[in-house]
Amino acid sequence: MFSSILSGAIYGIECHLVQVEADLSTGLPCFVMVGNLGSEVKEAGERVRIALKNSGIQLPPMHIAVNISPGNVRKEGTGFDLPIAMAVLGALGQLPVGATEGILFLGELSLDGRLKPVRGSLPIADCAARAGIKQCIMACDNAREASVISEMKAVGALSLAQVVEYLCLPPEKREAFLPALPGYLNEPRREQESGNVDFEEIQGQEGVKRGALIAAAGFHHLLLAGPPGTGKTMIARRMPTILPPLSEEESLEVSSIYSIAGQLPKDKPLKTERPFLSPHHSISPQALTGGGKIPKPGVISLAHRGVLFLDELPEFKRQTLDLLRQPLEDRSIQISRSSGTFRYPADIMLCGAMNPCPCGYFPDRNKCRCTPYEIHTYLSHVSGPILDRMDLSVMVPKVELSQLQGKRKGESSRQMRRKVMIARSMQEKRYRGTAIRFNSELGPGDMERYCRLEKEESELMEQLFQKLELSARAYHRLLKVARTIADLDESERIRKEHLVQAACYRTMGILER
């Protein structure tokens, strides 16, 4: 007999629906599996056979052939255990005719028949819903993820025996036996969690906080430089508290990446806060960009739609930092392996923090004893092309004692976020009907339309271009920052003061080499 079951496979970050086909025939008893399978999938035959036995179902001594199609897609992972078991049971006649039709199955089986969660259930459920599939059966934790998809009826099961009993019931009695999980999007959304950090805790540094505000309003890359202990890391860690909240579409996109990476929290299957990742400077290139025979998302992809904070920027290997050059421009990263080419999203706000010299106190020669050669060597760890991609560069000065002892609190994250949302609403209105969301996403071809300058502003821009010796990329980035500053002032036109302020955040003489 023949049986076919619907399941899903992940290839890099792409999801594909697959058919798990089983055929039982007379002949030499064996369990054969084909279909471009990885090692974990090849082992599924033995897991399924023992799980069925321990669930009270004895396989007859027959030739069992399982094919997972299409054959041109590589199948990896342990999520095919449950669909293989269902296909075999269907071919044996142990399930009612049509009981599995229109249902997606996914899950790993333990030897005693218990159902275990697997990676990537959220994007697979989303892919199935787009194809018109309305129901899925998974492990309970995976079903919680799948319930994020409003069009999907997600049923969570504890064991193989429970799934079989569920399918043997008449359709009208199934809901009472294993009720589908309520849609997660229908539940009240909690307030954005910020880890109990707030910009009001930062005393002084008003100029730096202004730079952070501009960066958040336009989703610009930000570089903070200054001596140790001046609050660079504090400011960077508070950036998510003033960023616009994730939209529903962005939340699903980010959650899918974390699901594929196996890092989605069980109690919160939908990420509603923008990611903030701060890897150690010893991170390998593969961990940053994604690695493995079938590459998994790296840190840069896990920070998608959020902040990637690189503290002590010059301490990172130059080779590692230079890997960011292409993703910062394309907002995605392409990885080629012998098994294929994979493209991962990497639309991030890069925030870097660094000292001006190895000891951190240059140009204060009362404290700094670094030689010019040592300073040059230290700063050269960050290449010119990386610095050129930083939209805003801010010097973080030493905080005065009077500011630390002052009782007056600074501007809070809530107040700053309100300003960001006003600027964001202007951008949303301006770019309606296009793929652009933030000013930082403007391309060279968009400048004439969205960053048009009047005569006086054009003359000032010419002077800045010559005096600052700007590259073409730096010229466009300065215009984009000026556009964001104008939005914060609720001005449709870029004025001279906006260009001057943007130029102030473009120059950092201490880092010029």
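**Cysteines, central sheet and nonpolar cores of the predicted model**

No disulfides are counted in the structure, a disulfide being defined as a pair of cysteine sulfur atoms within 2.5 Å. The sulfur of C357 lies 3.4 Å from the closest cysteine sulfur, in C359, which is too far for a bond. C357 is buried at a relative accessible area of 0%, where buried denotes under 20% relative accessible area, exposed over 50% and partly exposed in between (1.4 Å probe, protein chains only). C451 likewise takes part in no disulfide, the nearest cysteine sulfur, that of C504, being 18 Å away; C451 is buried, with a relative accessible area of 4%.

The model is predicted, so that local features need pLDDT of at least 70 and side-chain atom pairs count only at pLDDT 80 or more, whereas totals for chains, interfaces and linings use all residues. Residues are numbered from 1 along each chain as its sequence is written, and side-chain values use heavy atoms, with hydrogens and water left out. The protein chain averages a pLDDT (the predictor's confidence in each residue, from 0 to 100) of 90, and 96% of the residues score at least 70. Over residues 188–194, however, the pLDDT is below 50, and this stretch has 11 contacts in the model beyond near neighbours in sequence, a contact meaning heavy atoms within 4.5 Å. Where pLDDT is low, the predicted coordinates should not be read in detail.

Five strands form an open sheet with parallel pairing, in the order β11-β14-β17-β10-β18; helices (H or I, at least four residues) and strands (E, at least two) are DSSP runs numbered from the N terminus, and two strands pair if DSSP finds at least two bridges between them. β11 (276–277) and β18 (392–395) stand at the edges with a single partner strand each, so one side of each is left without a neighbour in the sheet. Strand β17 (residues 349–354) pairs in the parallel sense over four bridges with β10 (residues 222–225), and also over four bridges, again parallel, with β14 (residues 307–310).

Six of the six residues of β17 are buried. In a regular strand the side chains alternate between the two faces of the sheet. Both faces of β17 are covered, with M349, C351 and A353 buried on one side and L350, G352 and M354 buried on the other.

L350 also belongs to the largest nonpolar core, which has 66 residues and in which L104, L308, L310, L324 and L350 touch the most other members; such a core is a set of buried Ala, Val, Leu, Ile, Met, Phe, Trp, Tyr and Cys residues joined through side-chain atoms within 4.5 Å. Leaving aside residues up to four places away in sequence, L350 touches H221, L222, L308, L310, L324, L328 and M390. Apart from this core lies another, of 53 residues, among them A215, V481, A482 and I494.

In helix α22 (residues 496–504), H498, L499, A502 and A503 are buried. Viewed down the axis of α22, the buried residues fall within an arc of 135 degrees, so they line one face of the helix, the arc being that of the directions from the helix axis to the C-beta atoms. The elements covering these residues include α20 (455–467) and α21 (472–488).

By contrast, G445, located in the loop between α18 (413–430) and α19 (447–450), counts as exposed at 70% relative accessibility. G445 and K398 are 47 residues apart in sequence and 41 Å apart in space, C-alpha to C-alpha.
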